[in-house]
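Please consult the sequence and the structure shown below while reading.

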Amino acid sequence: MENKVPLVSVGGLTMPVIGMGTASYPPADAATIKSAVVEAIRAGYRHFDTAFVYGSEQPLGEAIAEALSIGLIQSRDELFITSKLWCTFAEQDLVIPAIKTSLENLQLEYLDLYLIHWPLKFSKEPSRFPVPKEEVSVMDIESVWSAMEECQHLGLTKAIGVSNFSTKKLDEILSFAKIPPAVNQVEMNPLWQQKEMKEYCKAKGIHVSAHSPLGSKGTVWGDNRIFECDVLEKIADAKGKTRAQICLRWVYEQGASVITKSFNKERMKENLEIFDWSLSAEELNQISGLPQQKRSSLSVFIEQGSELEAEL
């Protein structure tokens with residue numbers, strides 16, 4: 001799969017347009033994740049998205065080791081691996097130990113991309129969700145970002161970025177960053193199109209990567225609206241494509257990369273088959289006119305999360 005996007009703030013580094021996500025809800029067991037990743041590498045995926053909190057770093061690392069040993073890839077350098085700093089470690093002196101823990105879990109010497117998972121700090125590892133509001137605060141972004149920059153200087157990661165950050169928080173980072181974020185990974189799909197975010201990031205040279213391109217059906221924070229959308233169904237039927245393929249192609253045509261999530265072998269292949277066709281101007285227009293509904297996953301994860309959102 002050769003479709004890649006350049007990361008502007010890191011000269012020469014490119015990222016495969018389609019990444020395979022390894023978060024699952026409810027959580028999959030390690031053997032399931034490992035075998036799904038090996039299958040994905042066999043199918044052509046070269047970009048894998050994980051995070052400390054997903055519990056998928058270890059099986060992903062084992063899958064990479066297996067893919068190397070059976071010759072599916074010749075070198076780790078053929079892969080693009082993203083992981084994320086969890087909120088419990090969102091303070092300056094915990095960032096480098098946290099990335100080293102992730103690298104140890106993955107059995108890797110470096111990441112391609114390390115993201116701050118949320119612009120939040122948890123005072124301790126949550127014992128329940130939603131997290132009690134007294135355990136949550138807005139992180140000291142300046143000191144945390146300087147530690148992220150140090151991760152890049154030390155060669156522990158090739159690029160650094162953020163996830164689930166607002167334009168307001170990005171403005172804050174850009175006011176002091178020596179290395180600007182290469183990526184902001186946010187929810188983006190035809191029913192939450194992130195128009196303002198896309199324009200902002202394009203102007204600032206930050207690449208937008210889309211998680212939840214199908215609306216996170218089946219999770220406590222997601223819903224089925226994508227799969228109940230008549231406009232998307234009609235476009236899919238007319239083109240002989242699946243609704244998922246229409247959504248993924250739409251994200252790609254917005255200039256974003258996309259994190260897909262399926263452990264099903266056939267759907268894995270379908271998710272890669274979005275490059276040899278396109279949406280017409282009329283179809284793009286129909287999708288552009290869909291009613292937008294911003295969802296706050298913060299309110300699922302954090303007590304009174306919608307109040308906290310005003311600060312973010």
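Which elements cover the buried residues of α8? In this predicted model, the cover includes the helices α6 (195–204), α7 (230–239), α9 (265–272) and α10 (281–288), together with the strands β11 (207–211) and β12 (257–260).

Helix α8 itself runs over residues 243–253. Eight of its 11 residues are buried, so the helix is largely enclosed by the rest of the structure. The buried residues are Ala 244, Gln 245, Ile 246, Cys 247, Leu 248, Arg 249, Trp 250 and Val 251. Just after α8, Gly 255 adopts a positive phi of about 90°.

The chain as a whole is considered next. It contains 12 helices and 12 strands. Its radius of gyration is 19 Å, which agrees with the value near 20 Å that a compact globule of 312 residues would have. Among contacts between residues at least 6 apart in sequence, 72% join residues at least 24 apart. The table lists further values for the whole chain.

| Property of the chain | Value |
|---|---|
| Span of the C-alpha trace along its principal axes | about 55 × 50 × 40 Å |
| Residues that count as buried | 52% of 312 residues |
| Accessible surface | about 13,600 Å² |
| Share of that surface belonging to carbon and sulfur atoms | 49% |

As to charge, the chain carries 32 positive and 42 negative side chains. The centres of these two sets lie 3 Å apart.

Key. Residues numbered from 1 in each chain as written. Predicted model: local features only at pLDDT ≥ 70, side-chain atom pairs only at ≥ 80, totals over all residues. Heavy atoms only, no water. Helix = DSSP H or I, 4+ residues; strand = E, 2+ residues; numbered from the N terminus. Rg over C-alpha atoms; globule rule 2.2 N^0.38 Å. Buried < 20%, exposed > 50% of the residue type's maximum accessible area, 1.4 Å probe, protein only. Contact = heavy atoms within 4.5 Å. Areas by Shrake-Rupley, 256 points an atom, 1.4 Å probe, with all protein chains shown as cover. Lys, Arg positive; Asp, Glu negative; His and termini not counted. Charge placed at Lys NZ, Arg CZ, Asp CG, Glu CD.
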